[in-house]
Amino acid sequence: MMVITDSRTGEVALRPIEDIKMIMIDHHSAKLTVPLIIQLVANNVGIVYCDSKHMPTAMMKGTPAMLYTAEEVGSRQTLSLL
């Protein structure tokens, strides 16, 4: 379940992640947690980010081929950019 809170009214809504195909983030103060992003990507939900002119500038979408188990990830060499 995804919890959606309207900051102006305080209204809270629950939506099953499986029912969502795409989310558009169109405000600089919108917040998504990492666990939510992981669940969205795992459920093949697209996330579109907009700029200050409300135009789409980036998109994040998971692909089933990119999802690995912990063992697969652990056995691969990883690169960290700091």
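Is Arg8 buried or exposed? Arg8 turns out to be exposed, with a relative accessible area of 74%; here buried means under 20% relative accessible area, exposed over 50%, and partly exposed in between, using a 1.4 Å probe and protein chains only.

The model is a predicted one, where local features need pLDDT of at least 70, side-chain atom pairs count only at pLDDT 80 or more, and totals for chains, interfaces and linings use all residues. Residues are numbered from 1 along each chain as its sequence is written, and side-chain values use heavy atoms, with hydrogens and water left out.

On confidence, the chain averages a pLDDT of 80 (pLDDT being the predictor's confidence in each residue, from 0 to 100), and 76% of the residues score at least 70. Confidence is lowest in helix α2 (residues 70-75), with a mean of 54, and highest in β4, at 92. Helices (H or I, at least four residues) and strands (E, at least two) are DSSP runs, numbered from the N terminus.

Now to the sheet. It is an open one, built from 3 strands in the order β3-β4-β5, with mixed pairing; two strands pair if DSSP finds at least two bridges between them. At the edges sit β3 (22-25) and β5 (56-60), each pairing on one side only. On average, neighbouring strands of this sheet are turned by 20 degrees against each other, direction ignored, where axes are lines fitted to C-alpha atoms and angles run from 0 to 180 degrees between N-to-C directions. Strands of a sheet pair through backbone hydrogen bonds, either parallel or antiparallel. Strands β3 and β4 (residues 46-50) run parallel and are joined by 4 bridges. Along this pairing, Met24 stands opposite Val48 in β4, and Ile25 stands opposite Tyr49 in β4. Because 4 of the 5 residues of β4 are buried, β4 is largely enclosed by the rest of the structure.

Back to Arg8, then. The structure holds 1 salt bridge, meaning a side-chain nitrogen of Lys or Arg within 4 Å of a carboxyl oxygen of Asp or Glu. Arg8 forms it with Asp6, and the closest N and O atoms are 3.5 Å apart. Asp6 counts as partly exposed, at 25% relative accessibility.

There is also a nonpolar surface patch of about 430 Å², made by Met1, Val3, Val12 and Leu14. Patch residues have over 30% relative accessible area and no salt bridge, with nonpolar side chains (Val, Leu, Ile, Met, Phe, Trp, Tyr) joined within 5 Å and like charges within 9 Å; areas come from the Shrake-Rupley method with a 1.4 Å probe. Leu14 lies in strand β2 (residues 12-15) and counts as partly exposed, at 49% relative accessibility.
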